[in-house]
Amino acid sequence: MWNFLKATCVFAMLCGPAAAQSLSAVARVDGTKSSIEDGWFGKTQLTVHLSQGVPFRVFHLADPPRLVVDFQDANWAGVEPSDILEEPGRITQVRFGPFKQGWSRLVLDLAEPMLPSEIGLPVDAQTGQAVLGIALKVASEQDFAAKAGAPADARWEASTTEPQIAAKADDRFVIVIDPGHGGVDPGAVRDGINEKDLMLTMARGLAETLARSGQADVYLTRNEDVFVSLPARVGMAHRAKADLFLSLHADALSQGQAHGATVYTLADEASDAASAQLAAQHNRADIIAGVDLSGADDAVAGVLIDLARQETNPRNDALATALLDGMEAAGKPLAKTRQRRAGFSVLKSADIPSVLLEVGFLSSPRDLANLRDPVWREGMINALAQSILDWRADDLAKRALIRQ
């Protein structure tokens with residue numbers, strides 16, 4: 001065993017002693033032994049018990065203040081946030097889950113700026129079990145802000161969940177399907193059912209159906225339970241030279257009786273209060289996962305974006321109409337206001353027709369039952385696939401007429 005490191009900069013890199021070991025198997029997190037405890041003099045102790053030592057890294061982010069701990073090959077299955085944080089204190093909330101391939105993430109929301117004063121991962125020589133200990137101490141806002149940010153590390157950057165994208169043939173129809181949320185960000189949760197899991201299941205089914213048609217090449221922004229940042233989802237569509245971007249969601253609204261499918265297209269301002277609430281929920285995903293969004297927007301001249309959207313916006317509307325008409329023809333329930341507009345970050349590609357589909361709402365018992373029904377999902381997937389292919393044929397015909 002080795003003693004806790006007394007350092008001021010260790011949280012800016014992968015911790016050496018843990019990374020130096022030959023650690024490959026998955027470590028299980030023991031929530032019953034892990035804890036967060038506030039002490040005197042502005043000190044708080046985080047303790048995470050692991051079945052074995054694993055490489056990890058610790059850093060913090062500002063606006064709002066968060067501490068982030070990334071673990072390689074750590075499994076949080078069966079652990080609940082209440083197991084670690086019994087009641088809010090200097091740490092107000094904890095979240096954890098898969099983040100990148102081979103990595104999981106723990107995010108602590110801080111009530112005030114706090115910095116690690118001691119970090120260590122002693123490993124028991126007899127059992128191989130390990131205990132991550134991080135001692136936090138209240139810090140000034142200036143010190144906290146000066147040291148905030150994710151560290152650069154070659155091993156971390158090399159870890160990616162992004163699918164391999166083949167070179168696009170000029171005549172191929174490329175679709176990027178975005179299963180909402182993932183990893184540390186579960187999305188809406190009702191009766192133990194996570195939005196992220198339902199949408200990944202639907203995205204896989206839709207991708208398979210479209211691929212079997214032989215008329216499209218399909219990529220998923222994630223094909224497993226991992227977190228993908230909002231800019232990365234859009235960037236993937238651009239690298240794939242996508243002809244269509246479809247984001248799938250099944251949110252929950254705290255107020256109102258929303259139910260049925262809704263298709264969203266981009267607008268600077270939301271078309272109604274419900275759309276504004278959903279846009280706020282979606283666009284917070286990166287903050288929830290502990291991602292620093294500073295400088296995420298592309299520095300592209302606004303006039304060029306506006307020009308590109310003059311062509312793309314009508315195609316977005318046509319795509320939304322095709323999806324809605326196809327779902328209606330298949331007898332799938334639609335919302336009373338079936339098409340809405342909102343400022344979702346994943347819809348901001350100026351040159352790629354992009355829509356966000358709320359397949360249903362987990363806050364609606366009927367929608368939740370439908371989404372959990374494999375037969376209902378298959379019918380919805382078939383309707384969406386046919387609508388997409390119909391839109392493609394119509395879009396190509398219109399573009400040929402425009403060129404003439």
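A salt bridge here is a side-chain nitrogen of Lys or Arg within 4 Å of a carboxyl oxygen of Asp or Glu. Keep that cut-off in mind for several of the stops below. The model on screen is predicted.

**Whole chain**

Start with the protein chain in cartoon view. Its secondary structure comes to 11 helices and 18 strands. Of its 404 residues, 50% are buried. Now consider contacts with a separation of 6 or more: 77% of them join residues 24 or more positions apart. The chain exposes about 18700 Å², and carbon and sulfur atoms supply 50% of that area.

**Stop 1: Asp38 and Arg90**

Select aspartate 38 and arginine 90 and show their side chains. They meet in a salt bridge, 3.6 Å from N to O. Aspartate 38 sits in strand E2 (residues 27–38), while arginine 90 is in the loop between helix H2 (81–84) and strand E7 (91–100), so the pair ties together parts that are 52 residues apart in sequence. Aspartate 38 has 42% and counts as partly exposed.

**Stop 2: Asp178 and Arg233**

Move to aspartate 178 and arginine 233. Their side chains also form a salt bridge, with 2.5 Å from N to O. Aspartate 178 belongs to strand E11 (residues 174–179) and arginine 233 to helix H6 (residues 230–239), so this pair links parts that are 55 residues apart in sequence. Buried or exposed? Aspartate 178 is buried, at 1% relative accessibility. Arginine 233 is buried too, at 3%.

**Stop 3: Arg212 and Glu208**

Next, pick arginine 212 and glutamate 208. They form a salt bridge, and the closest N and O atoms are 3.1 Å apart. Arginine 212 counts as exposed, at 58% relative accessibility.

Then select Arg57, Asp70 and Arg105. Salt bridges with shared partners join these three into one network. How many salt bridges does a search of the whole structure find? There are 14.

**Stop 4: the open sheet**

Hide the side chains and go back to the cartoon. Look for the open sheet of 6 strands, in the order E14-E11-E15-E18-E16-E17. The pairing is mixed. Which strands are at the edges? Strand E14 (217–220) and strand E17 (334–342) are, each pairing on one side only. Neighbouring strands of this sheet are turned by 20 degrees against each other on average, direction ignored.

Zoom in on strand E16 (residues 261–266) beside E17. The two run parallel and are joined by 5 bridges.

Now bring the helices back. H5 packs on the sheet, where it touches E11, E14 and strand E15 (244–249). Its direction makes about 165 degrees with that of E11. H6 lies across E11, E14 and E15, and it runs at about 165 degrees to E11. Arginine 233 of H6 and aspartate 178 of E11 are the pair from the second stop.

**Stop 5: helix H10**

Finish at helix H10 (residues 365–372). Which of its residues are buried? Asp367, Leu368, Asn370 and Leu371 are. Colour them and look down the axis. They cover an arc of only 160 degrees around it, which puts them on the same side of H10.

Technical notes
Residues are numbered from 1 along each chain as its sequence is written. This is a predicted model: local features need pLDDT of at least 70, side-chain atom pairs count only at pLDDT 80 or more; totals for chains, interfaces and linings use all residues. Side-chain values use heavy atoms; hydrogens and water are left out. Helices (H or I, at least four residues) and strands (E, at least two) are DSSP runs, numbered from the N terminus. Buried means under 20% relative accessible area, exposed over 50%, partly exposed in between (1.4 Å probe, protein chains only). The arc is that of the directions from the helix axis to the C-beta atoms. Contact means heavy atoms within 4.5 Å. Accessible areas come from the Shrake-Rupley method with a 1.4 Å probe; for residues, only the protein chains shown count as cover. Two strands pair if DSSP finds at least two bridges between them. Axes are lines fitted to C-alpha atoms, for helices over the stretch in contact, and angles run from 0 to 180 degrees between N-to-C directions.
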